[in-house]
Amino acid sequence: MSGPAPAPEAEGTALRLPRRIATRILAEAQRGGGREVCGLIGARGGEPVSLYPVPNAAADPARRFQMDPRGQIEAMRRMREADETLWAIYHSHPQGPARPSLRDLAEAAYPEAVHLIVSLGTTGVLELAAWRIAGGEAREVPIEIVETGDG
Ligand SMILES: [Zn+2]
């Protein structure tokens with residue numbers, strides 16, 4: 001069952017991100033080490049529920065990401081089969097801040113999706129930020145980490 005599409009959040013309204021999803025994104029980013037990792041997040045009824053890691057096929061994965069086309073198609077297929085809709089695209093910045101690079105702005109696909117960026121930073125402190133990207137411009141959206149009961 002896929003309910004009506006969630007309305008775009010009003011200015012200042014935080015996105016609700018279940019803690020288990022946030023934890024998985026951070027774990028993926030750490031596993032990637034010096035490489036950027038990427039993937040999709042599916043939602044049901046507007047609530048993010050599943051993480052679909054996609055291999056980074058970029059020639060220079062330390063500096064950019066390019067979702068492996070087959071992996072991306074497979075992730076979208078699994079998402080549809082699970083009756084989920086695309087909620088967000090996530091990727092990591094092993095070096096840079098949790099904000100879109102110029103290339104991210106130029107190459108951003110799916111304007112309806114949230115762009116989550118996790119930074120491993122230089123201080124060892126993980127940082128996760130959400131962005132709306134449209135027309136080459138990014139607007140940060142606050143995230144609220146929420147506890148959910150469905151494991
Ligand atoms: Zn990036």
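Author: Please do. Note that this is a predicted model.

Reader: Which strands form the open sheet, and in what order?

Author: There are six, arranged as β3-β2-β4-β5-β6-β7, with mixed pairing. Because β3 (47-54) and β7 (137-141) each have a single partner strand, one side of each lacks a neighbour in the sheet, and these two stand at the edges. On average, neighbouring strands are turned by 30 degrees against each other, direction ignored.

Reader: How do you know that helix α1 packs on the sheet?

Author: Contact requires heavy atoms within 4.5 Å. Helix α1, residues 19-32, touches β2, β3, β4 (85-93), β5 (114-119) and β6 (127-134). The direction of α1 makes about 15 degrees with that of β3.

Reader: What makes β6 a partner of both β5 and β7?

Author: The threshold is again at least two bridges. Five bridges join β5 to β6 in the antiparallel sense, and five join β6 to β7, also antiparallel; therefore β6 pairs with each of them. Leu 116 has Ala 130 in β6 as its bridge partner, while Arg 132 stands opposite Arg 139 in β7. In the hairpin of β6 and β7, two residues lie between the strands, and Gly 135 has a positive phi near 60 degrees.

Reader: Why is the contact between Glu 147 and Arg 19 called a salt bridge?

Author: The term requires a side-chain nitrogen of Lys or Arg within 4 Å of a carboxyl oxygen of Asp or Glu. For Glu 147 and Arg 19 the N to O distance is 2.5 Å, so the pair meets the condition. Glu 147 lies in the segment after β8 (143-146) and Arg 19 in helix α1, 128 residues apart, so that distant parts of the chain are linked. The structure holds eight salt bridges.

Reader: What lines the second largest pocket?

Author: Its lining consists of 14 residues; Phe 65, Met 67, Glu 107, Ala 108 and Ala 109 lie nearest the centre. Helix α3 (102-107) supplies three residues, the largest share. By class, the lining has seven nonpolar, four polar and three charged residues. The space in this pocket is about 260 Å³.

Notes. Residues are numbered from 1 along each chain as its sequence is written. This is a predicted model: local features need pLDDT of at least 70, side-chain atom pairs count only at pLDDT 80 or more; totals for chains, interfaces and linings use all residues. Side-chain values use heavy atoms; hydrogens and water are left out. Helices (H or I, at least four residues) and strands (E, at least two) are DSSP runs, numbered from the N terminus. Axes are lines fitted to C-alpha atoms, for helices over the stretch in contact, and angles run from 0 to 180 degrees between N-to-C directions. On a 1 Å grid over the protein atoms alone, a cavity is a set of points where a 1.4 Å probe fits but cannot get out, and a pocket is an open set with protein on both sides within 12 Å along at least five of seven lines; lining residues have an atom within 4 Å of a point. Grid points are joined across faces, edges and corners, and a volume is the space filled by probe spheres set on the points. Ala, Val, Leu, Ile, Met, Phe, Trp, Tyr, Cys and Pro count as nonpolar, Asp, Glu, Lys and Arg as charged, and the others, Gly among them, as polar.
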